[in-house]
Amino acid sequence: MTSPKRPADIYMRFLQLADALRGLPSLPPLDPLEERILAIVARASQDDERLSVRDMMGKKELGAPATVHNRLTSMREKGWLILTDTEDTRRKQVELTQDALKYFDKLSKCMVKAASMN
């Protein structure tokens, strides 16, 4: 592989590696809205913030609450998210599964590999 001519080349290599990772058998694929939800949950997790189902349904940028609820259900069935209990049994906290965390670990390795390729 040739050395990068501009910084965007590193990003393009990352996208290629990430696409190859998505092709491997692991968790079922996500639609674009589910990917946005996954990113929100991952960022909240990284910041040690609690994120409830109600919090997710209240995010206007994700669409109608019923749509968000359906996507959360789908992502749970696919193995990307889990719901855990809080002090209030009526509220459930949205969290990444161990498999989702492993997926982010693999994506991180793709990023490091793309940046180190010369």
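Residues are numbered from 1 along each chain as its sequence is written, and side-chain values use heavy atoms, with hydrogens and water left out. In this predicted model, local features need pLDDT of at least 70 and side-chain atom pairs count only at pLDDT 80 or more, whereas totals for chains, interfaces and linings use all residues.

The chain holds 5 helices and 2 strands, where helices (H or I, at least four residues) and strands (E, at least two) are DSSP runs numbered from the N terminus. Read from the N terminus, these elements follow the order α-α-α-α-β-β-α. The C-alpha trace spans about 55 × 25 × 25 Å along its principal axes. Of the 118 residues in the chain, 32% are buried; buried stands for under 20% relative accessible area, exposed for over 50%, and partly exposed for values in between (1.4 Å probe, protein chains only). The accessible surface amounts to about 7,900 Å², with 54% of it belonging to carbon and sulfur atoms; these areas come from the Shrake-Rupley method with a 1.4 Å probe, and for residues only the protein chains shown count as cover. Among contacts (heavy atoms within 4.5 Å) with a separation of 6 or more, 58% join residues 24 or more positions apart.

In helix α1 (residues 7-22) lies L15, which counts as partly exposed because its relative accessibility is 31%. Together with Y11 and M12, L15 makes a nonpolar surface patch of about 290 Å². Such patches are made of residues with over 30% relative accessible area and no salt bridge, like charges being joined within 9 Å and nonpolar side chains (Val, Leu, Ile, Met, Phe, Trp, Tyr) within 5 Å; a salt bridge is a side-chain nitrogen of Lys or Arg within 4 Å of a carboxyl oxygen of Asp or Glu.

The end C-alpha atoms of α2 are 21 Å apart, in agreement with the 21 Å that its 15 residues should span at 1.5 Å a residue, the expected span being 1.5 Å times one less than the number of residues. The residues L33, E34, I37, L38, I40, V41, A42 and A44 of α2 are buried, and their cover includes α3, α4, β1, β2 and α5.

Helix α4 (residues 65-78), with 14 residues, reaches 20 Å from its first C-alpha to its last, close to the expected 20 Å. Its residues V68, L72, S74 and M75 are buried. They lie on the same side of α4 because they cover an arc of only 165 degrees around the axis, the arc being that of the directions from the helix axis to the C-beta atoms. The cover of these buried residues includes α2 (32-46), α3 (53-57), β1 (81-85) and β2 (92-96), while the face of α4 turned away from the buried side carries the exposed residues A66 and E77. After α4 comes G79, with a positive phi near 95 degrees.

Helix α5 (residues 98-116) has 19 residues and reaches 27 Å between its first and last C-alpha, close to the 27 Å expected. Its buried residues are A100, Y103, L107, C110 and A114. Because they cover an arc of only 65 degrees around the axis, they are on the same side of α5. The exposed residues Q98, K109 and V112 are carried by the face of α5 turned away from its buried side. In the segment after α5 is M117, whose C-alpha atom is separated by 31 Å from that of I37, 80 residues apart along the chain.
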